[in-house]
Amino acid sequence: MSEAARETSCDWTVTGMDCGSCATKIKDAVARLPGVSGVEVGIMSERLRLTLDEAQTGRDRIEKTVRALGYEIAPRAAGAKKDFVLPGAQSAPEQSDMHQDHDHSAHAASGHDHPGQDRGPKAASTKRDDSGHGSPGHVHDDPADRGKRWYQTAKGRLVIFTALLLGAAWVIEYLAPEIGKWAFVAACLIGVAPVAQRAFAALRMGQPFTIESLMTIAAIGALFINAAEEAALVVFLFAVGEVLEGVAAGKARDGIRALANLVPKTAQLVVGDTTREVAAASLTLGQTVLVRPGDRIPADGEITEGTSGVDESPVTGESIPKTRGPGESVFAGSINTEAALRVKVTKGPEDNTIARIIRLVEEAEEARAPTERFIDRFSRWYMPAIVAVAALVVLVPPLAFAQPWDTWVYRGLALLLIGCPCALVISVPASIASAMSTGARRGLLMKGGAVIEAASKVSRIAFDKTGTLTHGRPKVTDVVVFGATTEAELLAVAAGVETGSSHPLALAILQKAKEAGVAAPASRDAKALMGKGVVATVGDAQAWVTSPRYAMDNGGLDGIGLRQATVFEEEGKTAVAVFREKTPLGLIAMRDEPRADAAGAVRQLHAMGITPIMLTGDNPRTAAAIATGLGMEYQADMLPEDKLKFIKDMSEHGGVMMIGDGINDAPALKQASVGVAMGSGTDVALETADAAILRDRVTDIPATIRLSRAAMANIRQNVTIALGLKAVFLVTSVLGLTGLWIAILADTGATVLVTLNALRLLRFNLERES
């Protein structure tokens, strides 16, 4: 068997990661194992994914390594497309395992474990193999703690325990000063023991520079210089910081978790003339479900019976319910507002729109922004550099200048406590996750930090015309008859020629005939005239529906008729000539109207300093009419290869975003700095481009750029906070202005501040025009 054949893609959920250094610690420890490659750790999605050669390293060793670092790990349920797990999708035997998983599990609607809920034997055994969970020390976030108040969690109990130890030491010192010092020593040693245990585990895996190791050195070192009271206080403040970091990280994940709760857990399956309640995760393709007024739709599907208003805001962010009837598609998670509907399931639970949105948001963490990659590289030498500086601070003044050892050891230990780059490392992923969550709730999907960063730098936007700036559904605007022909006769002949065609212009003519009450006569032998029109036998003679130029060349249009067609084109309309053999019958003009919000979107883009340009295969006169009405530049008569070349040329002068339908414009979408597909939840719109707009609203384009710019500004603020606080306290620690407990507060405070700052993006207003 080849080496490639032995390799397996593996996927786990890892709970307890509070900051970027947690992810780095896991990634480095696992990557050292033989047969492991392609390690990816997502902080916000709580995901570990890697490629494993099980002949060299088994899955159990991976799990043991992660648990030794103090985190919980459980395999993601198998069988879901791309290893994605929708709530409730696993079978009963898997459920107890996944109760330890994060919210992609069979939890209740909140995604939390409830009091008295049976967590199964797996949960119990994992608690025993916790390597310190539940005991004093650096306790990582336990999934069982979700939904509880802080003092009910393992971290909260740790804070209370260390506070009691510290309080007891102060009481003992007050009552018996001669043994007070030893009470603080005992409080410090008991509190720091599990932290030291975890630091030693990381050290054995080749990671000497972790927050646990720095904390252990600082606490033990403080005891050696008779600073036992401060050492005990530092242990307590460290525990408080862990609680705050856990709470902040949990808040940052809530936006993504909320998406998973949009799909109902149960569905009313139609069986003959009756219905029965089943798990929504058990629905299969072709089954029919009953959706009552007020219920959420349990699966992506097609309405087979009933007409009702459907609130699609959970998926698209569009607050106004849309009327949906037989033959129309609906999304899982949408709300039926008016009348009962019967819906045929067209996509399985692991592949419905909500599931794919969550999967895209989770996997987007892997597409890291260039800024994030730089910070990751920077943080890898930052901590060793801090340790080296701390060592110099401890050694140089006493050895070179005969300074007192206690003073400089104390200052060196304070330096160690602010040496952890947690705040810096979490500054980017926290902002990116918040921005992606905000966008996803409003139907704006961006596939990772790299896309957000690129979108924030866009200076030009190229729009495909049909289906993006316009509705993509032309309507007949004018009917001009020649000679004795009546409008009904003209429409009848045109409808006869176009019967059976799916071309947008043909559908517009057929719709006009239907509205006018004109029946299409029988026709046969229809044949397309490549790029020119259609000919068919209608009645007992041939008839044509073609371009004005073709009709002019073939006796179907005279000079006056051609001038009228030119007038239509100058108005932004598409004109076709209808004629029989050498007998002009008339002209039909159609226009694909711009979307109502297109002009407003273009105004917003201009206000943001972005140049919009329309690319279309239409004739220059039609393109000019539409582009002028919207206030933008245009390029006409463009084939797909022309659009590709134009995007390449524009890219030489700055970032370019391309907006298209995700199919015809695929080459240009890929060539652009950011390719955005518009469409209501189609496979193409979700999976082809760098970003997708689920609502057919052009104003979502400037909203996407505003969100991207806000995310990058938030990242810059976070980096400034993280580095600024570190720089200030590095100086004050060396100068002796701040001590150990201030140092630990600075480290923890920076992490909490950047996370809370990132959470502001969850309330970002996408609708403003500034």
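Helices (H or I, at least four residues) and strands (E, at least two) are DSSP runs, numbered from the N terminus. The structure is a predicted model, in which local features need pLDDT of at least 70 and side-chain atom pairs count only at pLDDT 80 or more, while totals for chains, interfaces and linings use all residues. Residues are numbered from 1 along each chain as its sequence is written, and side-chain values use heavy atoms, with hydrogens and water left out.

Asp637, found in the loop between strand 23 (633–635) and helix 23 (640–651), has a positive phi near 55 degrees although the residue is not a glycine. Ala402, in the loop between helix 12 (370–401) and helix 13, likewise has a positive phi, of about 55 degrees, without being a glycine.

The contact (heavy atoms within 4.5 Å) is made by Leu214, Met215, Ile217, Ala218, Gly221 and Ala222 of helix 8 and by Leu413, Leu416 and Leu417 of helix 13.

Ile461 touches, among others, Leu605, Ile610, Met657 and Ile705, not counting residues up to four places away in sequence.
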